[in-house]
Amino acid sequence: MTSNSTLVGEPAQAPAGMAGTGADAVRALRPRSGAPLRVDVPADHPFVMVMRDDTAYCVRELTGRIAIRSPVPRAHLAAAVRAGYQRFRQELRDELCHAVVRPHGTVFHLVQPEALERAVRGRVGDRALISLDPLVTRAHGQLRLSRGFLLGGTRCVGLVPRPGGPPLADQLGALRKDLAGVECELVEDDMCTGGTVAAAVRLLRAADIRVTRVVPGIRLTVPGETSLAGVPVEPVIDYRVLHRDAVELTDSRNYLLGVSGLVVRLPQLRWGRAPYWLPFVSTAARAGIHPGMEQAFARRMLEANARFFADVEQAARCPLLVGSLPPSGQQVLTSLGMAWQSTPVRAVLERLAAHLDRYIEAVQRLGRDEAGVGAGAGVGAGAGAGAS
């Protein structure tokens, strides 16, 4: 083991944090711009959930939209969103700890995205940089793509433009114009199987853009992996595992309604971002919780979301409407017939809680029936409650 390695089961060598397992076992990983921070996860270690602290991102995404209708100064709104989101993140960790059933318990590793970006940039230096990471925006080029899923989140349908982004052909054409023949570094926030990054490398090659190295912020590495699509991979934080299901990479914002989430195909072939809980997405498929805990977890998430939006609404002194959410989140609710832009977010949450079983059935039916997805059938009426 090198001086840059840490065995997560050894408190003396671990990054800052507390011993034990469960929601109170939280370690802060400190990425560095030099050699990778290697984290060895032995077979008998607790399940590791890695989260970036995306508080700043969520505060930016929500504060500006809420401020349009609120009489409260923007700085006060930002403080309220920040405080509410930090409470939400703690509730999420508590609930994930209960819902993830593993023989050795669960620990959480937290990573500061600003430190991670600095470390990535230190690794890349002055070379041309193409970013797949929505949190890394200062790059020579952005490739805004995601894996797209059918509703439910269990079936991937391929690479698609990130919601709100231009078609992939247009993005690649713009990158080719500026970077054709240039040796580029490709950065991504995290890599589990590496399928998305490998596909991106192939797309860039086809556009005459040379990718000489991939620098992910966080990577899960199993024995025998050295490169990706023939390109060396040099992560900032390298989790070395025997099996990929020993570690889960997830972000708290994916559990907050309308803010982020999985890219899913909606009626009329639209794309949006759905939270990582039922009825929209199987949390067992996305975050490794026990399948028998999914509905209970969804209800806890509905309650946690309701508390967050109620606190922010009180601070903003105005109703928080679906139209105040990012467009990719609005799209999910409006396309499925669950809300209008003028619908209060808390009303949507109350309706989901009251009719959760019927919404689950309706959304799963759309996810299974690709013809239904393309035909534009909504689920609002089928679930017993229309938009208001």
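The accessible surface of the protein chain comes to about 15,800 Å², and 50% of it belongs to carbon and sulfur atoms (Shrake-Rupley method, 1.4 Å probe). This is a predicted model, in which local features need pLDDT of at least 70 and side-chain atom pairs count only at pLDDT 80 or more, while totals for chains, interfaces and linings use all residues. Residues are numbered from 1 along each chain as its sequence is written, and side-chain values use heavy atoms, with hydrogens and water left out.

**Fold and burial**
- The protein chain has eleven helices and 17 strands (DSSP runs, with H or I of at least four residues for helices and E of at least two for strands, numbered from the N terminus).
- Of the 388 residues in the protein chain, 55% are buried (under 20% relative accessible area; exposed is over 50% and partly exposed in between, with a 1.4 Å probe and protein chains only).
- Among contacts (heavy atoms within 4.5 Å) with a separation of 6 or more, 68% are between residues 24 or more positions apart.

**Nonpolar cores**
- The largest nonpolar core has 66 residues, and Tyr255, Trp277 and Phe280 have the most contacts inside it (a core is a set of buried Ala, Val, Leu, Ile, Met, Phe, Trp, Tyr and Cys residues joined through side-chain atoms within 4.5 Å).
- A second, separate core of 25 residues includes Val41, Val111, Val187 and Ile218.
- Leaving aside residues up to four places away in sequence, Tyr255 touches residues including Phe88, Leu92, Pro275, Trp277, Phe297 and Met301.

**Salt bridges**
- There are 15 salt bridges (a side-chain nitrogen of Lys or Arg within 4 Å of a carboxyl oxygen of Asp or Glu).
- Asp251 pairs with Arg52 at 3.5 Å between the closest N and O atoms; Asp251 is in the loop between β15 and β16 and Arg52 in strand β4, 199 residues apart.
- Both Asp251 and Arg52 are buried.
- Arg87 and Asp311 form a salt bridge at 3.1 Å, N to O; Arg87 lies in helix α2 and Asp311 in helix α7, so the pair ties together parts 224 residues apart in sequence.
- Arg346 forms a salt bridge with Glu313 at 2.8 Å between the closest N and O atoms, linking helix α9 to helix α7.
- Arg346 is partly exposed at 32% relative accessibility, whereas Glu313 is buried at 16%.
- Shared partners join Arg52, Asp54, Asp133, Asp189, Asp251 and Arg253 into one salt-bridge network.

**Other side chains**
- Asp40, in strand β3, is buried with a relative accessible area of 17%.
- The side chain of Cys184 is in a buried residue at 1% relative accessible area, and Cys156 is partly exposed at 35%.
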